[in-house]
Amino acid sequence: MRPELLNPLFADTESMDGVGPKLRKPLARLGLTRLRDLLYHLPDRFVQRHSVSTLDDATVGEQIVAPLTPIEHKASAGRGPFRVMAQDEAGNICALTYFGRASYTARKQLPTGEKRWIAGRLDQYGQMLQIVHPDHVAQDSAGAMGKLVEPIYPLAEGLTQPRMAALVGQSLSHLPDLPEWIESGVMQKQGWPAWKEALLRAHKAEDKPARDRLAYDELLANSLALMLVRAANRQRKGQPLSGDGHLRRKLELPFPLTGAQKRSIAEVEGDLGQTSPMLRLLQGDVGAGKTVVALEALLIAVESGAQGAMLAPTEILARQHYETLRQMAAPTGVQIALLTGRDKGKARESILMGLMDGSIDIVVGTHAIFQDAVTYRNLALVVIDEQHRFGVGQRLMLTRKGRVTPHCLAMTATPIPRTLTLAEYGEMDVSRLDELPPGRQAIDTRVISSERLGDVVAGLERHFQQGNQAYWVCPMVRENENEDIAAAEARYAGLKERLGDDVVLVHGQLKSEEKDAAMERFARGDAKLLVATTVIEVGVDVPNATLMVIEQAERFGLAQLHQLRGRVGRGSKKSVCLLIRGENLSETGRERLALMRATQDGFRLAEEDLRLRGGGELLGTRQSGDSPFNVASLEQIQQLLPVAHDDARLLVERDGGLDSPRGAAARILLYLFERDWGVQLLRGG
Ligand code: ADP
Ligand code: MG
């Protein structure tokens, strides 16, 4: 149960003054659905205004607060702006310029002859000084002086800065005093304020200690929760699986395993033989051959008379894994089933039966495989593909399925930097597939200006005539999914008109049947071109697709580009990746694309991605969804995570049940950051 004193912070935003269903929407789009979320909606930056008594003291381009007296209202003909000519005490004239409906309020706020304090950016328009749409108009100097420093919040359509500031202010007025969970030595050394003060300060002005403390809280909560999972896992009883090899011997793989694959399989085999459940991460770049490792692990479970499950993030991937595993495992006679949310009625019933009576050895599926209705005769191993798509909470839910705790093998193609590995996977054991299967050709990566889109389309036709297939990726920026989808639809229509019916479209808002049908056509080779938003990012395997076109490539993170590029170069044929760049390329964007051309090493790209984003790049962790953190920036993660990690470890070593006063405070922290599955484990013992 969440501690009583946190409850008000978890109230829905709609319970706030002035928030109704209409305002709730744009807030929700920013991920702000509860008071708590507003507390942690920290300003991107602050405007600093310079208070001047006359405009002689101000420079053009500067943010100022100045006392000005309106002397004339000037409406212009037609659609021109409305201007209030105002004068300072030295006689300088400045136009306060308004467009559209804003002029109505301006007329009222700025009567001629009455002095007002105006806040805004001083510009020059021809010979005239002007302030366009002043940020504030105050009646007295006190009102204006309160606006010298002002937060700038991330917004969504339908919200304004003053509105957001007022809402955040309202949430801040509900702050309880919470006991301190950070170790006192760390607090002193860093010079950090208490939690409540840190929140108040972080919204008021640029304040590194306050921001760092808040980030640290999040990192500590995460480390602590993962540490508790780990500790609980060590205490749990698993089922030692020592397969005798009778099934694995029957496999007829068309290739010899790489050294890295052999090593990883041996590591997995070692873990499976233990009583304590395996908690291992298999990290391997796209195409490194993780599926075979998974298959061997699953077969070990079946050889030992138990069942295995493989969890995929999407139906498309589940289906693909199912086909691959079934093909590879055919000579073994092992029974494999596919279970997704789409299976209904008799078919579903018969799979559920098979899992319950043990006639199905291995099940592949989406999260449908751990719904309540699904029971296993003896589930001993769970393989989770594309680990980063699943919350740790889900991972835990899964592990409750067996009579004993199943072994867990998590697989990811995202080569995350070491610092983030720690953040995301805590103390999981890691196997790395750092060697690609032989015979892979380097992918020829080229950066092309969007002006040459026509040439690219012409090139596609030649590509198809040679019997090859291709992907076309449209950018997806989560801020407005509908617009992105519209852009993808439009591109699809255009390409179809040009290239004929061999073009299919896949995006997140299609029904899963439609998506699967399109994917299947493409995988069969019936469709030549797959137009998609980033849903094809993970896992899809079509060796005959040898061309990848990525539009507005600069809008993707490096790690994401790398994932996308990894869709091609899967067969023995030469593959090409075309990165189409937009017109206004930022320095970072340019550097990203150059790096993509320079290397195909996923781990190097991951490190560079982190470095580039550390520089305050907009397409940050929040949007790309590859960081488990909302408050901590990548820079803070790098600097503070090791400290938080040690802090958490010490706490768990000294007070594993979180019973001491500091332990009790730490429980509150876990609830505050919704890492309370850590607390639940404590109770489970
Ligand atoms: P990942 O899941 O790591 O992205 P896959 O398991 O899908 O990679 O393997 C990619 C491709 O490489 C598949 O077509 C697979 O059959 C092939 N492959 C896997 N291991 C080897 C190997 N040792 N030698 C040659 N090809 C391999
Ligand atoms: Mg895979």
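Is Arg342 buried, partly exposed or exposed, and why? Arg342 counts as partly exposed because its relative accessibility is 30%; buried means under 20% relative accessible area, exposed over 50%, and partly exposed in between (1.4 Å probe, protein chains only).

## What you are looking at

This is a predicted model, where local features need a pLDDT of at least 70 and side-chain atom pairs count only at pLDDT 80 or more, while totals for chains, interfaces and linings use all residues. Residues are numbered from 1 along each chain as its sequence is written, chains are lettered from A and ligands numbered from 1 in the order in which they are written, and side-chain values use heavy atoms, with hydrogens and water left out.

On confidence, pLDDT is the predictor's own score for each residue, from 0 to 100. The protein chain averages 87, and 91% of the residues score at least 70.

Arg342 sits in the loop between strand E12 (336-339) and helix H12 (345-357). Helices (H or I, at least four residues) and strands (E, at least two) are DSSP runs, numbered from the N terminus. Leaving out residues up to four places away in sequence, Arg342 touches Glu315, Arg319, Ser512, Glu513 and Asp516. Ser53 is another matter: 289 residues separate it from Arg342 along the chain, and their C-alpha atoms are 69 Å apart.

## The second largest pocket

Now for some empty space. Rolling a probe the size of a water molecule over the atoms shows where it is left. The search runs on a 1 Å grid over the protein atoms alone: a cavity is a set of points where a 1.4 Å probe fits but cannot get out, and a pocket is an open set with protein on both sides within 12 Å along at least five of seven lines. Lining residues have an atom within 4 Å of a point. Grid points are joined across faces, edges and corners, and a volume is the space filled by probe spheres set on the points.

The second largest pocket has a volume of about 1,300 Å³. Its lining takes in 43 residues, and those nearest the centre are Thr291, Thr324, Asp541, Pro543 and Arg570. Helix H10 (290-303), helix H11 (315-329) and helix H17 (512-524) are the elements that give two or more residues to this lining. H11 gives the most, with nine residues. By type, the lining splits into 18 nonpolar, 13 polar and twelve charged residues (Ala, Val, Leu, Ile, Met, Phe, Trp, Tyr, Cys and Pro count as nonpolar, Asp, Glu, Lys and Arg as charged, and the others, Gly among them, as polar). Domain 2 (248-433) and domain 3 (444-599) each supply at least three residues to the lining, with domain bounds coming from an automatic or database domain assignment.

Leu241 is in the loop between helix H8 (208-235) and helix H9 (259-272), and counts as buried because its relative accessibility is 2%. Beyond four places in sequence, Leu241 touches Leu272, Gly273, Ile300, Ala301, Ser304, Ala306, Ala380 and His407. From Leu241 to His407 is 166 residues in sequence but 9.3 Å in space, C-alpha to C-alpha.

Asp372, in the loop between strand E13 (362-365) and strand E14 (379-385), is exposed because its relative accessible area is 74%. Glu587 belongs to helix H19 (residues 587-598) and, at 58% relative accessibility, counts as exposed too.

## Two positive phi angles

Most residues other than glycine have a negative phi. Gln552 has a positive one, near 45°, and lies in the loop between strand E21 (545-550) and helix H18 (558-565). Glu674 also has a positive phi, about 55°, and is found in the loop between helix H23 (661-672) and helix H24 (677-684).

Notes
Contact means heavy atoms within 4.5 Å.
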